[in-house]
Amino acid sequence: MSTARVRQVFTSGLDFAHGQVELSHGSGGRAMAQLIEELFAAVFRNPWLDQRNDQACLDLPPGRIAMTTDSYVIAPLFFPGGDIGSLAVHGTVNDLAMAGARPLYLSAGFILEAGLPLADLRRIVDSMAAAAQAAGVAIVTGDTKVVERGKGDGVFINTTGIGVIPAGLQLSGDRARPGDCILVSGTLGDHGVAVMSQRAGLTFETALQSDSAALHELVAALLAVAPGLRCLRDPTRGGLAATLNEIAAQSGVGMHLQEAAIPIRPAVAGACELLGLDPLCVANEGKLVAICAPEDTEAALAALRAHPLGQAAAVIGEVRADPHRFVTMQTVFGGHRLVDWLSGEQLPRIC
Amino acid sequence: MKYIDEFRDSAAARGLAQRIAAEARPDRRYHLMEFCGGHTHAIYRYGVQDLLPAGVRMIHGPGCPVCVLPISRLDLALTLAARPEVILCSYGDLLRVPGSGGHSLLKAKAAGADIRMIYSAADALALAQRHPDREVVFFAIGFETTTPPTALIIQQAAALDLPNFSVFCNHVLTPAAIAHLLDAPEARALEAVPIDGFLGPAHVSVVIGSRPYERFVQDYHKPVVIAGFEPLDVMQSILMLVRQLNAGRAAVENQYTRAVSREGNRKAQQLMAEIFEQRPLFSWRGLGPVPHSALRIRAPYHRFDAEQRFPLIEQAATEHRACLCGTILRGVKKPTDCKLFATACTPETPLGACMVSSEGACAAYYRYGRYQGAT
């Protein structure tokens, strides 16, 4: 059935000004077809979607295939510096990029809550399409479900991504070795604090923005100059602390950081101070951690800093032999401490 | 961060560390208790102990309100939260504290109870105004720092004649707890626990002033230095305590002059006195029953007292048998002396008072210090 013939059966277009998501938009009937036609297929438009099949059939270039999936349940849906749509693209693109893969295709699964304004949904879908286009990936297949009002949080999005890894490249969390350097691509905690500042009941007069961004081009710049790169990871939930503890555990090594070298914006540091949060445990959505052989560290740092997304990059510490796999840090004060995993949720301290 | 980084400066820290090392006598020990969880957190977070000579040992006191809240009181909060008409609201780090059977407010919330995390007492009042059809209960805890805001919202609720707002009051008092530590049989009988001096609370003292500590100097001859919460404040206060001890003096000194006066905040004190009165006895987790150490709501405000408004029966709850928190809070034992530490008792599965909040001695040691001594 061609697109033109499907369209003929709708008596009027979707009301993106005042309309809202209804249960019928997920029921498999005409309303769902209309939502797909007039929103998802129209905005994400590409040859695979235009075929209107239940799956996308893809031709992949040679190389190992990287595949990842992530679900996005963020509240609020819109926050300074992004929204759930752009985040759903950036997050999955970044998970591919951390393997050195060139991201190619995404799927998009939407779980919509009845009552979500169609205007909001359109804004999210437009943002997703813009993020995908900017990242050079196509959203080639998707799914829509609608749950009753009160059983969702506006919209949940799942994206699965596929990318191709150039021959010979082997980045992995188990490759860190004593003597390697630890780099971050920029300031930490921006995303988490920007989102928290938007949550109900919290108002800061900060100009803080989420750092949500696709990092594959930054990774490409890094790979071009640093063959001694061992491992890349984006420090999302759990922040830098979780990421470094993961890598230390995978590689069977310890790590030692210099707190004074870790880039944190004053506004983020201030908000964390106020809320009793540790910025090292706060989420990022546009930063990477790189473990690099010492001989390539200088070139890697220069490549990061030369890229718009890596201007505040810094070497923050080194990998050490340690059977306990502890991540430790010399504090700005001159003492030492452990940098541990986050325990439970980051909850503000009372005083 | 302006006005904060200055108090974390490593060059100044080195200077103070050298002074402490030069002045601390090698032939004696300095057992200094920081009462407050805020100090404990700062000491571990910045590695202050690394900068102190071997003879200066910090003992981490019971000044973490989340830690010392007894299980039986948390169980009452869970009982309140289970009532369908109730919205229970409280501060964030109270939500994961385990009550009897490992139940917590976070688990109750996951199971459907309406429990809200708030950032200030004023949020609780606003919540009650927004939900006139529900009973909003503020689960209030804390030392004298968080007590005036609770008093204020009770006063405001009275002025507004709010019919659906009440407070489950668990506010506790600092001086009573310090006196209890010094009076405890362990402190007298066991030479193993000589507390030589105290780092006095920072924010608590902003409210109550430095005067209430003068009795510790007179009655017990223990020096007290009221200390700010930044690491340089802590270092400077330690130096001040070392100097007093070297000179055989015991005085209340105020390092935190930028915020604390001798008389404190009179207005806040008057407000507290209007709304609250002392409980004859209150149990502290880890310390047991401590006389006159907590507050309850006065009779004229009983309609805002959740303990008057709802049928609540406090039932005794027992701690894990092997838990050493009581002796850790008194400085007799260290976290690593406890066989539960980092095995059965972790921040994810806390069994004792010192592990439940990041300001507790065991939790702070687990999170920041357990790399030390690992072989």
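In this predicted model, chain B carries an open sheet of five strands, arranged in the order β2-β1-β7-β8-β9 and paired in parallel fashion. The edges of the sheet are taken by β2 and β9 (252-254) of chain B; each has a single partner strand, so one side of each is left without a neighbour in the sheet. On average, and with direction ignored, neighbouring strands of this sheet are turned by 25° against each other.

Chain B contains 16 helices and 13 strands, and it is divided into three parts: domain 1 (5-63 + 183-254), domain 2 (67-173 + 264-309) and domain 3 (325-369). Between domain 1 of chain B and domain 3 of chain B, the C-alpha centres are 21 Å apart. The contact between these two domains involves 18 residues of domain 1 of chain B and 13 residues of domain 3 of chain B. On the domain 1 side, the elements that contribute two or more residues are β1 (30-36), α2 (37-46) and β2 (56-63) of chain B. Of these, α2(B) gives the most, with six residues.

Turning to the overall form of chain B, the C-alpha trace spans about 65 × 45 × 45 Å along its principal axes. A compact globule of 375 residues would have a radius of gyration near 21 Å, and the 21 Å of chain B agrees with this. Buried residues account for 53% of the 375 residues in chain B. Among the contacts in chain B that link residues at least 6 apart in sequence, 77% join residues at least 24 apart.

Chain A, for its part, is divided into domain 1 (15-165) and domain 2 (181-338). The centres of these two domains of chain A, taken over C-alpha atoms, are separated by 28 Å. Their contact brings together 20 residues of domain 1 of chain A and 22 residues of domain 2 of chain A. On the domain 1 side, two or more residues each come from α4 (84-97), β4 (102-113) and α5 (118-135) of chain A, and α4(A) gives the most, with seven residues. This side has twelve nonpolar residues, seven polar residues and one charged residue.

Finally, the two chains meet in a contact that takes 25 residues from chain A and 39 residues from chain B. On the side of chain A that touches chain B, the elements giving two or more residues are α9 (266-275) and β13 (336-338) of chain A. The largest share of this side, four residues, is supplied by α9(A). Sorted by class, the side of chain A that touches chain B comprises eleven nonpolar, ten polar and four charged residues.

Terms used: Residues are numbered from 1 along each chain as its sequence is written. Chains are lettered from A and ligands numbered from 1 in the order in which they are written. This is a predicted model: local features need pLDDT of at least 70, side-chain atom pairs count only at pLDDT 80 or more; totals for chains, interfaces and linings use all residues. Domain bounds come from an automatic or database domain assignment. Two residues are in contact if their C-beta atoms, placed from the backbone, lie within 7 Å. Ala, Val, Leu, Ile, Met, Phe, Trp, Tyr, Cys and Pro count as nonpolar, Asp, Glu, Lys and Arg as charged, and the others, Gly among them, as polar. Two strands pair if DSSP finds at least two bridges between them. Axes are lines fitted to C-alpha atoms, for helices over the stretch in contact, and angles run from 0 to 180 degrees between N-to-C directions. The radius of gyration is taken over C-alpha atoms; the globule rule is 2.2 Å times the number of residues to the power 0.38. A residue is buried if 20 or more other C-beta atoms lie within 10 Å of its own, exposed if 12 or fewer, and partly exposed in between; C-beta atoms are placed from the backbone.
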